[in-house]
Amino acid sequence: MVSSRLTSRAEIRVLDLFSGAGGLSEGLARASATRAATHKYSTVRAVELDVDAAASYEANHGKHTVFTGAIEDWIKVEDVPSADLIIGGPPCQGFSALGKKDVHDKRNQLWKYYADTILKAQPQFFVLENVPRFLTSPQFNQFEELCLPGGNLRDYTFQARILNAAEYGTAQLRKRVILIGHHRDLPFPGFPEVAGTFQDPSDWKTVRSALRNLPPEVQVQNLPDRTHQFGGGVLAGPYRSDELHITRHYEEISLERFSYIGEGENRFKLPEHLKAPCWRKHTSGSADVMGRLWWDRPSVTIRTEFFKPEKGRYLHPSEPRAITHHEAARLQGFRDTYRWVGSKTSIARQIGNAVPVPLGQAIGQHLMLAFPTA
């Protein structure tokens, strides 16, 4: 039988695997800070392969918390500490609806190390986040088999559901599979309920609400000249989110294209002479390419190349530019004081890969109720 290591207002020991820059941990920290919090989440170890993302995690969640490297190396060189909760989102590129969806992508197998960590850490609960296609993948079926009698994780079981971050206070339409597992000696805690204020889509947070008080016109193109020592190397940063309100250089043809696209419109509004050859050949398909956001709706899913209008609906609702890194971080729910390490491209990747903070907070507040108090 799993034993509780907790007392009233005790720390819930957390392992954050594939942590990225720490969006899910930031959500748990925010849950810990609410007046209704009965416990405090405390990261005992985070694991992240990307050096810049690991440095960002440490800049916000404490020194010496992050193992920078592959999870398979971490399991070999360190003793996995005991934990009450394991969280994390194994890389999803092989499952994603974008790209080549390679079923043989080695990243598809990283969930196995997540499972190994459950076996070693013996948590009471675990949370795994991934893209919706994970539910129909062979890996999901294999994970289910591990939790059957005779499987390595036979002492655990789980349920999975697709959640929309907009229903939990994020100004963004972002659907993700949230898998919540528990030791069989404990009841399933359920999924966080949609707050009453967000049950109606008309009440979802909007781009306007997320970007309030940010100057619409942006001239600065470069990050401040600053360096950071991490892991024996020198990286750029750290930068607060509110230092990331930066744009990029656009050619005249891009600016002319932007001028034809109104709020909520896209590449289909362009005259023929401004359409790229591939757009002329494809008169249907994605309506998000070279699309402009709506002020009074949530944004589309913020991905890793939100600074490129040709990659999706990332044009500012009214300005002749893509959204800035600061705006993207706001749309993901990060506070303005959150700190980021790396180049502009690296930070964009970290922002786009993160679990929206309000969704993480909702999960954290809900799971907190499942842990015993004295």
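Student: Which residues lie nearest the centre of the second largest pocket, and how many residues line it?

Tutor: Arg30, Gly169, Lys205, Gly333 and Pro358 lie nearest the centre of the second largest pocket, whose lining has 18 residues. This is a predicted model, in which local features need pLDDT of at least 70 and side-chain atom pairs count only at pLDDT 80 or more, while totals for chains, interfaces and linings use all residues. Residues are numbered from 1 along each chain as its sequence is written, and side-chain values use heavy atoms, with hydrogens and water left out.

Student: What makes a set of grid points a pocket, and what makes a residue part of its lining?

Tutor: On a 1 Å grid over the protein atoms alone, a pocket is an open set of points with protein on both sides within 12 Å along at least five of seven lines, and a lining residue has an atom within 4 Å of a point. In the second largest pocket, α11 (357–368) and α6 (207–210) each supply at least two residues of the lining, with α11 giving the most, four residues.

Student: Why is the pair of Phe140 and Phe158 called edge-to-face?

Tutor: Rings of Phe, Tyr and Trp (its six-membered ring) pair if their centres lie within 6.5 Å, and planes under 30 degrees apart count as stacked, over 60 as edge-to-face and the rest as tilted. The centres of Phe140 and Phe158 are 5.7 Å apart and their planes stand at 80 degrees, so the pair is edge-to-face. Phe140 lies in helix α5 (residues 138–146) and Phe158 in strand β6 (residues 156–164), so the pair ties together parts that are 18 residues apart in sequence.

Student: What is the pair of Phe334 and Tyr338 called, and at what angle between the planes?

Tutor: Phe334 and Tyr338 form a tilted pair, at 4.7 Å centre to centre and 50 degrees between the planes.

Student: How do you know whether Cys147 is buried or exposed?

Tutor: Buried means under 20% relative accessible area, exposed over 50%, and partly exposed in between (1.4 Å probe, protein chains only). Cys147 has 3% relative accessibility and therefore counts as buried, whereas Cys278, at 43%, is partly exposed.

Student: How many disulfides are there?

Tutor: A disulfide is a pair of cysteine sulfur atoms within 2.5 Å, and by this rule the count comes to zero.

Student: What makes the charged end of Arg297 sit over the ring of Trp294?

Tutor: A charge sits over a ring if NZ of Lys or CZ of Arg is within 6 Å of the ring centre and within 35 degrees of the ring normal. The charged end of Arg297 sits over the ring of Trp294, 3.9 Å from its centre.

Conventions. 1 Å grid on protein atoms, 1.4 Å probe; cavity = no way out; pocket = protein on both sides within 12 Å on 5 of 7 lines; lining within 4 Å.
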